[in-house]
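Subject: Structure for your review

Dear colleague,

Please find below the structure that I am handing over to you.

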Amino acid sequence: MSVAYLIPEWPSQTHIWMWREITRLRSDGCNLMIVSTRRPKEADRARHQFAEEAERETEYLWPASLREMAESVGWALLTRPVGLLRCIWMALTLPVTTRPGWRHLLPLVVPACILARFMKRKGLKHLHSQSAKACAILCMMVRRLGIGSYSVVVNANLDWWGGAMAEKLGEAAFVVVHARWIGEDILRRYSRVSAGHLVYAPVGVETAKWTMTTVGGVRHDSTFRIVSVGRLHPSKGHDVLIRAVAELRAAGMSVELRIIGSGPAEHELCRVIGEHDLQEYVMLLGSRSEDDVMAELRNASAFALASHAEPLGVVYMEAMALGLPVVGTAAGGVGEIITPGETGLLVPPNDVSAMAEAIRMLCSDRALCERLGAAARASIVTHYDAAIGAQRLRNVLQSVTTE
């Protein structure tokens, strides 16, 4: 079974779960050829151990040489002129949200020709896209050029992908969803997609690697250390978590917060830290490798993330796999991972006092930390080991590539 695995701007810092999936699929006998739209900006490039290896083996569509562009478009014009015209027509008519859409879609015809020609040379008949945005449109164009079928992953809110979702998903051989609520939303909104075309294949964690050292976290000393992992973006709610720490310290509790991630909200978060005089107690650590994240979590008392909207949340899975008690927000798909009071604690988004109270509960009750941490670990092993979602994806890829 050979498949082209299409990823935008690979390998980026948030792509660790994709490498886990790729590794699992390959270990199960899948021949995956990684294709990417382009390399990521240096600031976004993955700092994980796999990054250099992944970059070396990836076929990048852009930027392309003038010769490659000319040869690929010429190949399409000579061997499948009707398909090329259909690509151009789609670029002019597809109902994307950006206006005028043709300015954004017509330039995609060239990399679509490059991708189709690459797949033809390699004998690849299926294209699996890890994005429902421009990558999905490339898939639709490749299909019009007569190169096999495609599938697409939807791992976040349907309105985030630039429109034309009925067309993108309706033409796909199957659609992978990482959270059940996304699948339910697709069925509710798009009549062209049936339940039989949806595959629930959640991303996961290598639970054999992400193992706890002691139940309920490592640290139980005088300082309660909270670790949070997430891009420094307003949607992640780091400001809420910082203000919660300020409340707890004002109440006399010895807590500290370490935030892993980088992004555009760094300056604002530094301002909030200074506003509450928390420079000694809240640290912004920047982007870190997978191994560094694991080391930070293993030296934590608890994990917390105050996202306003989180489609699912791999970082929750990682912390839970290590046996840490976690605090999350009842937003998006987090409730699919955390069962309140059993495998973690959930609070409303944008609620500083509720977040502070949840952390206070953990600070004051070691037995609760141990109970939640042990249950969290067991739940991730059962439901979110990386092998589970990869096996579901492998099965459906096997079915479409052997038809």
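The notes below cover a sheet, a helix, a pocket and a glycine.

This is a predicted model, in which local features need pLDDT of at least 70 and side-chain atom pairs count only at pLDDT 80 or more, while totals for chains, interfaces and linings use all residues. Residues are numbered from 1 along each chain as its sequence is written, and side-chain values use heavy atoms, with hydrogens and water left out.

Sheet. Seven strands form an open sheet in the order β3-β2-β1-β4-β5-β6-β7, with parallel pairing. Its edge strands, β3 (59-60) and β7 (198-200), each pair on one side only. Strands are DSSP runs of E of at least two residues, helices are runs of H or I of at least four, and both are numbered from the N terminus; two strands pair if DSSP finds at least two bridges between them. Within the sheet, β4 (residues 126-129) and β5 (residues 149-154) are joined in the parallel sense over 4 bridges, and His126 stands opposite Ser149 in β5.

Helix α10. This helix (residues 238-250) has 13 residues and reaches 18 Å from its first C-alpha to its last, close to the 18 Å expected at 1.5 Å a residue (1.5 Å times one less than the number of residues). Its buried residues are His238, Val240, Leu241, Ile242, Ala244, Val245, Ala246 and Leu248; buried means under 20% relative accessible area, with a 1.4 Å probe and protein chains only. Among the elements that cover them are β8 (224-229), β9 (255-260) and α15 (352-364). Gly252, which follows α10, has a positive phi near 95 degrees.

Second largest pocket. About 220 Å³ of space lies in this pocket (an open set of points on a 1 Å grid over the protein atoms alone, where a 1.4 Å probe fits, with protein on both sides within 12 Å along at least five of seven lines; lining residues have an atom within 4 Å of a point). The volume is the space filled by probe spheres set on the points. The lining includes His104, Lys133, Trp161 and Lys168, and α5 (101-105) gives the most to it, with 3 residues.

Gly333. This residue is found in the loop between β12 (326-329) and α14 (334-337). Gly333 is buried, with a relative accessible area of 0%. Beyond its neighbours within four places in sequence, Gly333 is in contact (heavy atoms within 4.5 Å) with Trp181, Glu310, Pro311 and Leu312.

Yours sincerely

Terms used: Buried means under 20% relative accessible area, exposed over 50%, partly exposed in between (1.4 Å probe, protein chains only).
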